[in-house]
Amino acid sequence: MSAESRADTPGIDHAEARHSGRVHGPTADPAPSDQDETPSTEQSRSALGARMNAVVDGLLRGEVPQGFDELRSRETARILALKRVDAMAYVRPEIALLPRWRPRAVDFVLATPNDHCAHWDWQMFVEWVRDHSDANDTEWLSMIEVFTGRRRRAVVRFGNRRHYVRRVRRGVRSTPALPV
């Protein structure tokens, strides 16, 4: 962009924008080098990092950090919980066969710390479902036992159809069960 066309741009004061740091490119001031950092800069940087960690940890637990808007913080916590639930569903897609799995997984995520990976979350979610199960969960739990290798076979209901789920060498096979 030439100097003439920049001067013709209505509503933009380029000199003011350059000094405020809003203009990038050759006219922007160069970034400070790492040699300019003092010990106080390092201390303030580590203190800021610790505060940011505390805020994110609070959001992951579903808490509202002090000094933050409650409505926006709750929405951010819900979004972070849904991201963690989606990671569990990506790792083990059979989680979607559990009735009301998403709200239950969000309850689980908000009740447990985020210290591990999605595989660990999935395993702990299965244990959590065992502890908080109802009558509809028994077939899903028996199917999960086939997936994890605890059981060799199970008959479960997907929708209105019963399926025979069995473990084979390289995975799990499901075939519709014959009516009895």
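**View 1. The largest nonpolar core of this predicted model.** This core, a set of buried Ala, Val, Leu, Ile, Met, Phe, Trp, Tyr and Cys residues joined through side-chain atoms within 4.5 Å, has 24 residues, and those with the most contacts inside it are I95, W101, F125, V129 and W140; buried here means under 20% relative accessible area, computed with a 1.4 Å probe on protein chains only. At least two core residues come from each of helix 4, helix 5 (101-111), helix 6, helix 7 (137-148) and strand 1 (153-158), where helices (H or I, at least four residues) and strands (E, at least two) are DSSP runs numbered from the N terminus. V129 is in contact (heavy atoms within 4.5 Å) with L98, R104, D137, W140 and L141, leaving aside its neighbours within four places in sequence.

**View 2. The packing of helix 4 against helix 6.** Helix 4 (residues 70-91) and helix 6 (residues 118-131) pack at an angle of about 90°, and their axes, lines fitted to C-alpha atoms over the stretch in contact, lie 9 Å apart. The two helices are therefore roughly perpendicular to each other, a term for angles of 65 to 115 degrees. Helix 4 contributes R84, A87, M88 and V91 to the contact, and helix 6 contributes A118, H119, D121, W122 and F125.

**View 3. R161 in strand 2.** R161, placed in strand 2 (residues 161-168), touches V156 and P176 when residues up to four places away in sequence are not counted. R161 and P176 are 15 residues apart in sequence, with their C-alpha atoms 7.1 Å apart.

**Notes on all views.** Residues are numbered from 1 along each chain as its sequence is written.

Definitions and conventions:
Predicted model: local features only at pLDDT ≥ 70, side-chain atom pairs only at ≥ 80, totals over all residues. Heavy atoms only, no water. Axes fitted to C-alpha atoms, helices over the stretch in contact; angles between N-to-C directions. Parallel < 35°, antiparallel > 145°, perpendicular 65-115°, else oblique. Buried < 20%, exposed > 50% of the residue type's maximum accessible area, 1.4 Å probe, protein only.
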